[in-house]
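Subject: Structure handover

Hello,

Here is the structure for you to look through. My notes on it follow below.

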Amino acid sequence: MEPAKLGDYNAACSRFDSRLFGGPRMLRLHNLRLLDHLRHRYTADDVARLTAFLRSEGTFRFEALPSGLYPAAQVDVDDPSGYAAVWIRDNVHVAHALLVDGDADAARRTIDGLTTFLFGQRRRFAALLARELDPREPMNRPHIRFDGRSMNEIDVRWAHAQNDALGYYLWLSARMIDVGASEPTPRLCEVLAAVALFLELVDFPRDEDSGHWEETRKRGMSSVGAATAGLAELLHVVRRRDSADGLTFDGRRLTAERLARLVSEGRSELAATLPYECRDPDAAKRREADAALLFLIYPLEIVDAPTADAILQLVLRDLAGEIGIRRYRGDSYWCADYKRKLEAERRSADFSDDLTERDALLDEGQEAQWCIFDPIVSAAYGRRFAQSNDPRHLELQMRYLNRSLAHLTPDDCRFGGLRCPESYYLENGCYV
């Protein structure tokens, strides 16, 4: 960024000496009311006070629909962003957060809502498994974005080839059964079998899907890892049930042996490619650092410690910014002056078939910096500290916790103060 523009941005937020916060960079705090709560090292009492403060300010308040599901954002149904829709992947992350936070009932309502929708897709699953529908066409695949109010599909072309979303659903649904937060009802078991059999059908370790960012189809390890994690969690549940018959869908039997083979194939693909996202010879698909790989470390925990370290090193080296973390280098979504360059109806459109138009809007180094990743990095280092007792891991956990808190919006933000933003992007030379 040019010095003058950086100065304009600095006027809009505060800089604090990083020696207080365990990092080489300045911490850019957007809301000064957090200052009394920030620490270099947090005690349990500090965390309790900080959490109580944020709860009182409504930072974590986000209302579910009657279905138990959560839209991408709390906007009007006809908002041109399309964020009134429900995404499977987003809802699994929300449900997992609720489960970790001790609200198993709310987590179960969300998973039940997803199960209800996917159960309504059983004819689609059956037709795919019978090869009556071609899975190469994304609209033929199980829909991962839908209307959470009516629980119906959205009749608009979308990049539904997203094996990661289905993997996330398997992962948390099976984990909730395992910890006693959900009952393995016949309907749930049927849906779990259908999803797993579909991942087998498309040969998920080698399938090209649109992945977390719903863009150009490629064989991405963030998708392979999410699907592998889901299948591994389901395998654990099937083995614990001690049933040789496994699960069934539409007369097809999913045994523990079949699941074990799928998990092994997924792990082999991960071992061959990680820490890189995609090593395709096609430059349009090839990508080394992708922030979606962080989810394989936490919450999915599908990679070992050396691989996790390699992913963290690669992602933080190539993608970390002064505020947040880029999704990947060359990401044109919400690039600089995005609102000026694209009309509202086009900003969140499906560009998965051709990114050329949108990518032409990006100037090098002006990608949006996203706010979902710093909390994941903090949690990942926290888990490592719990295992290693290495003070360096604790220091990194604190650094990325403080970066996460620094994201929270200023009080003059049009969405309100102390809210969790999706990202910061450049508008007229300033990050907003």
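The search found zero disulfides, a disulfide being a pair of cysteine sulfur atoms within 2.5 Å. Cys189 counts as buried, at 10% relative accessibility. Cys278 is buried too, with a relative accessible area of 2%. Buried means under 20% relative accessible area, exposed over 50%, and partly exposed in between (1.4 Å probe, protein chains only).

**Basis and confidence**

This is a predicted model: local features need pLDDT of at least 70, side-chain atom pairs count only at pLDDT 80 or more, and totals for chains, interfaces and linings use all residues. Residues are numbered from 1 along each chain as its sequence is written, and side-chain values use heavy atoms, with hydrogens and water left out.

The pLDDT is the predictor's confidence in each residue, from 0 to 100. The chain averages 93, and 94% of the residues score at least 70. Residues 1–12 have a pLDDT below 50; beyond near neighbours in sequence, that stretch has 15 contacts in the model. Residues 18–24 are also below 50, with 18 contacts counted beyond near neighbours in sequence. Contact means heavy atoms within 4.5 Å.

**Nonpolar cores**

A nonpolar core is a set of buried Ala, Val, Leu, Ile, Met, Phe, Trp, Tyr and Cys residues joined through side-chain atoms within 4.5 Å. The largest one has 115 residues. Which of its residues touch the most other members? They are Ile88, Tyr169, Val195, Leu231, Leu234, Leu294 and Ile325. Helix H7 (residues 186–201) gives the largest share of this core, 12 residues. Another core lies apart from it, with 14 residues, among them Leu34, Leu54, Leu394 and Met398.

Take Leu231 in detail. Not counting residues up to four places away in sequence, Leu231 touches Leu170, Ala196, Leu199, Phe204, Leu259, Leu262 and Val263. In soluble globular proteins, nonpolar side chains tend to be buried together.

Helices (H or I, at least four residues) and strands (E, at least two) are DSSP runs, numbered from the N terminus.

**Salt bridges**

The whole structure holds 37 salt bridges. Each is a side-chain nitrogen of Lys or Arg within 4 Å of a carboxyl oxygen of Asp or Glu.

- Asp207 and Arg141 meet at 3.0 Å, N to O. Asp207 sits in the loop between H7 and helix H8 (221–240), and Arg141 in the loop between helix H5 (122–129) and S4, so the pair ties together parts 66 residues apart in sequence. Asp207 is buried at 12% relative accessibility. Arg141 is buried at 2%.
- Arg206 and Glu265 meet at 3.6 Å, N to O. Arg206 is in the loop between H7 and H8 and Glu265 in helix H9 (residues 256–273), so this pair ties together parts 59 residues apart in sequence. Arg206 is partly exposed at 37%. Glu265 is partly exposed at 25%.
- Arg403 and Asp374 meet at 2.6 Å, N to O. Arg403 is in helix H16 and Asp374 in helix H15 (residues 373–388), 29 residues apart. Arg403 is buried at 10%. Asp374 is buried at 0%.

There is also a network of salt bridges: Glu200, Asp203, Arg206, Arg258, Arg261 and Glu265 are linked in it.

**Ser404**

Ser404 is in helix H16 (residues 391–406). Its relative accessible area is 14%, so Ser404 counts as buried. Leaving aside neighbours within four places in sequence, Ser404 contacts Asp374 and Pro375.

**Ala368**

Where does Ala368 lie? Ala368 is in the loop between helix H14 (356–359) and strand S8 (369–370). Ala368 is buried, at 0% relative accessibility. Its contacts, leaving aside neighbours within four places in sequence, are Arg326, Tyr333, Trp334, Ser423, Tyr424 and Tyr425. Arg326 is 42 residues away along the chain, yet the two C-alpha atoms are separated by 6.2 Å.

Strand S4 (residues 145–147) pairs with S5 in the antiparallel sense over two bridges. Two strands pair if DSSP finds at least two bridges between them. Phe146 has Glu153 in S5 as its bridge partner.

Best wishes
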